[in-house]
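Hi there,

Here is the structure I promised to pass on to you. Have a look at it first, and then read on for what turned up in it.

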Amino acid sequence: MNSMKRFPAVADRFYPGDPVALVAELGRLVPETDPLARIQALAVVSPHAGYVYSGAVAGATFARVEIPGDVVILGPNHHGQGAEVAVMEEGSWQMPLGEVSVNTALAQTILRQSPLFTVDDLAHRFEHSLEVQVPFLQYLRKDVTIVPIAVSHLSYQSCLEAGRALSAAIWQYGRPVLLVASTDMTHYESRESAEKKDLFALGFIERLDPEGLYTAVRSRGITMCGIMPTTMALIATLEMGGKQVDLVRYTDSGAVSGDIRQVVGYAGLIIS
């Protein structure tokens with residue numbers, strides 16, 4: 001068995017690498033909520049920029065969800081290394097807030113469902129889209145385990161197969177599992193242009209229409225980097241009986257930088 005330890009790739013760049021500073025930052029970004037009011041969600045969609053830009057959106061989203069012990073994180077592969085759908089099967093992530101174990105049993109259950117899923121650690125070595133989600137999960141659930149999955153470009157049919165496979169795996173696993181689809185929205189367009197495109201795309205998520213989302217993003221040139229993970233998560237939640245989508249917050253980088261000529265959009269959604 002390979003007991004690979006993955007070390008942070010973007011600590012001190014996207015979020016504080018010092019645990020004390022990170023807890024303080026998360027305390028600012030994650031609003032206090034009544035534990036009894038938290039949603040037992042099937043999936044969340046969460047952004048993955050530096051915390052100064054998108055952390056408040058991620059924090060507001062995760063704060064409203066009951067984080068189960070087992071989480072599958074789906075994120076885009078920004079570096080192009082490794083398999084198309086790269087699953088980290090075992091080992092642990094050595095994060096500033098402590099070690100997070102990879103859930104080998106759940107990973108292997110997912111791997112058995114479809115040959116699209118491939119054991120591959122290389123895709124995860126430098127990928128930030130999954131890493132930035134983990135401190136939020138740790139902050140809200142200290143004993144959380146993860147299955148990290150980095151996703152490259154896929155056809156809609158492959159997203160459909162992968163999403164159905166995720167649903168089947170979660171059903172077989174037999175315990176609550178949260179899917180986290182990591183994505184930013186439109187990149188480097190004016191606020192007016194980005195907001196128009198993003199709200200159009202978000203409408204398909206809110207209507208639980210994965211094929212409509214996939215087609216809209218492709219046909220309209222919407223630079224939503226996590227379109228494949230989000231499409232897969234939508235398909236999986238539909239298979240699991242998902243009926244409701246709540247858009248927690250939408251904003252863009254200009255809200256922090258003041259530059260509204262070239263923004264990146266950020267959205268947080270909960271699917272239940």
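Strand 1 and strand 5 (residues 92-95) run parallel to each other and are paired over 2 bridges. Within this pair, Lys-5 sits opposite Ser-92 of strand 5. Please keep in mind as you read that this is a predicted model. The two strands belong to an open sheet of 3 strands, in the order 1-5-6, and its pairing is mixed. Strand 1 (5-6) and strand 6 (98-101) are the edges: each has a single partner strand, so one side of each has no neighbour in the sheet. If pairing is new to you, strands of a sheet pair through backbone hydrogen bonds, either parallel or antiparallel.

Next, have a look at strand 12.

How many of the residues of strand 12 (residues 263-271) are buried? The count is 9 of 9. In a regular strand the side chains alternate between the two faces of the sheet. You can follow both faces here: Val-263, Gly-265, Ala-267, Leu-269 and Ile-271 are buried on one side, and Val-264, Tyr-266, Gly-268 and Ile-270 are buried on the other.

Now for the helices. Helix 1 (residues 19-29) packs against helix 2 (residues 51-63) at an angle of about 60°, and their axes are 8 Å apart. The two helices are therefore oblique to each other. On the helix 1 side, Leu-22, Glu-25, Leu-26 and Leu-29 take part, and they meet Tyr-51, Gly-55, Ala-56, Gly-59 and Ala-60 of helix 2. Sorted by class, this contact has 6 nonpolar, 2 polar and 1 charged residues. As background, an α-helix has 3.6 residues a turn, so residues three or four places apart point the same way.

What about the inside? The largest nonpolar core has 54 residues, and Val-72, Ile-110, Phe-117, Ile-149, Leu-166, Leu-213 and Met-232 are those with the most contacts inside it. Helix 6 (residues 156-173) contributes the most to this core, with 9 residues. Apart from it there is another core, of 37 residues, including Met-4, Phe-62, Ala-123 and Leu-178.

Helix 6 also holds Ser-167. Is Ser-167 buried or exposed? Its relative accessible area is 9%, so Ser-167 counts as buried, the cut-off being under 20%. Leaving aside neighbours within four places in sequence, Ser-167 is in contact with Ala-236, Glu-239 and Met-240.

For one of them, Leu-213, the residues touched include Ala-201, Phe-204, Ile-227 and Leu-234. After helix 8 comes Gly-221, with a positive phi near 65°.

Enjoy exploring, and do write back with any questions!

Best wishes

Definitions and conventions:
Residues are numbered from 1 along each chain as its sequence is written. This is a predicted model: local features need pLDDT of at least 70, side-chain atom pairs count only at pLDDT 80 or more; totals for chains, interfaces and linings use all residues. Side-chain values use heavy atoms; hydrogens and water are left out. A nonpolar core is a set of buried Ala, Val, Leu, Ile, Met, Phe, Trp, Tyr and Cys residues joined through side-chain atoms within 4.5 Å. Buried means under 20% relative accessible area, exposed over 50%, partly exposed in between (1.4 Å probe, protein chains only). Helices (H or I, at least four residues) and strands (E, at least two) are DSSP runs, numbered from the N terminus. Contact means heavy atoms within 4.5 Å. Two strands pair if DSSP finds at least two bridges between them. Axes are lines fitted to C-alpha atoms, for helices over the stretch in contact, and angles run from 0 to 180 degrees between N-to-C directions. Angles under 35 degrees count as roughly parallel, over 145 as roughly antiparallel, 65 to 115 as roughly perpendicular and the rest as oblique. Ala, Val, Leu, Ile, Met, Phe, Trp, Tyr, Cys and Pro count as nonpolar, Asp, Glu, Lys and Arg as charged, and the others, Gly among them, as polar.
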